[in-house]
Amino acid sequence: MRLPVPSRRFLLAAALPALLLAGAACGDGPDPVPTPTPTPDASQFGPAPKLGGNILKVYPEHGSTVTQASTRSPDPSRPGGICAEVSFEGTPQYGQWFRMAVDGVEVTDRLTWVIPTRDQPQNGRVCYAPPEGLQPGKHEAALAVQDPLNPNAPTKQVVGWAFMVSE
């Protein structure tokens with residue numbers, strides 16, 4: 001069966017981009033400049049967390065993109081990484097009430113706290129920063145406020161958020 005002339009032109013026009021791509025992939029020239037991946041919009045991360053109560057702010061912010069270097073903490077006296085500003089209102093044991101998970105793994109025993117005073121602190125900052133930082137890609141974090149003396153008591157507050165890490 002022979003195709004009419006307009007159909008043959010259409011097939012040639014449709015096949016031309018594929019032929020050009022195949023030729024480019026064969027090493028006939030310099031490698032193309034990599035195209036950066038666009039930062040996803042915040043809607044791809046789900047709804048923003050509700051802050052307030054004991055968890056006042058979270059970093060990196062929900063839906064944001066940060067560098068891998070910013071997820072490390074080279075100076076322990078000025079921790080960085082995944083952080084939250086918290087209020088100790090209604091938490092008599094202060095930092096013991098806070099538990100963190102990153103990408104589904106509990107990291108509470110590796111948290112760094114910055115508390116401005118030892119005498120009845122009102123607020124503090126808690127951070128998790130693995131020495132190697134987080135791998136590039138999407139990450140999720142959660143911070144829970146729970147009575148450490150009564151694990152069966154209802155959780156007072158849970159905040160979850162997601163963000164991207166770039167190289």
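A: A residue counts as buried when its relative accessible area is under 20%, as exposed when the value is over 50%, and as partly exposed in between. Phenylalanine 88 has a relative accessibility of 4%, so phenylalanine 88 is buried. Phenylalanine 98, at 1%, is buried too. Tryptophan 113 comes out at 27% and is therefore partly exposed.

The model is predicted. Its mean pLDDT over the chain is 79, and 74% of the residues reach at least 70. Residues 3–38 stay under 50 in pLDDT, and the model gives this stretch four contacts beyond four places in sequence. Where pLDDT is low, the predicted coordinates should not be read in detail.

Now the rings. A pair of aromatic rings is described by the distance of the centres and the angle of the planes. Planes over 60 degrees apart count as edge-to-face. The count of aromatic pairs comes to four. In one of them, phenylalanine 88 and phenylalanine 98, the ring centres are 6.0 Å apart and the planes stand at 75°, so this pair is edge-to-face. Phenylalanine 88 sits in the loop between E3 and strand E4 (98–102), while phenylalanine 98 belongs to strand E4, so the pair ties together parts that are 10 residues apart in sequence.

Phenylalanine 98 also pairs with tryptophan 113: the centres of these rings are 5.6 Å apart and the planes are at 65°, so this pair is edge-to-face as well. Here distant parts of the chain are linked, with phenylalanine 98 in strand E4 and tryptophan 113 in strand E6, 15 residues apart. Phe88, Tyr94, Phe98 and Trp113 together form one aromatic cluster.

Tryptophan 113 leads on to the sheet. Tryptophan 113 stands opposite valine 126 in E7. Strand E6 and strand E7 (residues 123–128) are paired in the antiparallel sense over three bridges. Both belong to an open sheet of four strands, in the order E1-E3-E7-E6, whose pairing is antiparallel. Strand E1 (55–59) and strand E6 (112–114) are at the edges and have a single partner strand each, so one side of each is left without a neighbour in the sheet. On average, neighbouring strands of this sheet are turned by 20° against each other, direction ignored. Strands of a sheet pair through backbone hydrogen bonds, either parallel or antiparallel.

The structure has one disulfide, which joins cysteine 83 to cysteine 127 with an S to S distance of 2.1 Å. The angle about the S-S bond is 115°, and the link of cysteine 83 and cysteine 127 is right-handed. Cysteine 83 is in strand E3 (residues 82–87) and cysteine 127 is in strand E7, so the pair ties together parts that are 44 residues apart in sequence. Both cysteine 83 and cysteine 127 are buried.

Glutamine 68 is placed in the loop between strand E2 (65–67) and E3. Its relative accessibility is 17%, so glutamine 68 counts as buried. Apart from neighbours within four places in sequence, glutamine 68 is in contact with Glu132, Gly133, Leu134, Gln135, Pro136, Val165, Ser166 and Glu167.

Definitions and conventions. Residues are numbered from 1 along each chain as its sequence is written. This is a predicted model: local features need pLDDT of at least 70, side-chain atom pairs count only at pLDDT 80 or more; totals for chains, interfaces and linings use all residues. Side-chain values use heavy atoms; hydrogens and water are left out. Two strands pair if DSSP finds at least two bridges between them. Helices (H or I, at least four residues) and strands (E, at least two) are DSSP runs, numbered from the N terminus. Axes are lines fitted to C-alpha atoms, for helices over the stretch in contact, and angles run from 0 to 180 degrees between N-to-C directions. A disulfide is a pair of cysteine sulfur atoms within 2.5 Å. Buried means under 20% relative accessible area, exposed over 50%, partly exposed in between (1.4 Å probe, protein chains only). pLDDT is the predictor's confidence in each residue, from 0 to 100. Contact means heavy atoms within 4.5 Å. Rings of Phe, Tyr and Trp (its six-membered ring) pair if their centres lie within 6.5 Å; planes under 30 degrees apart count as stacked, over 60 as edge-to-face and the rest as tilted.
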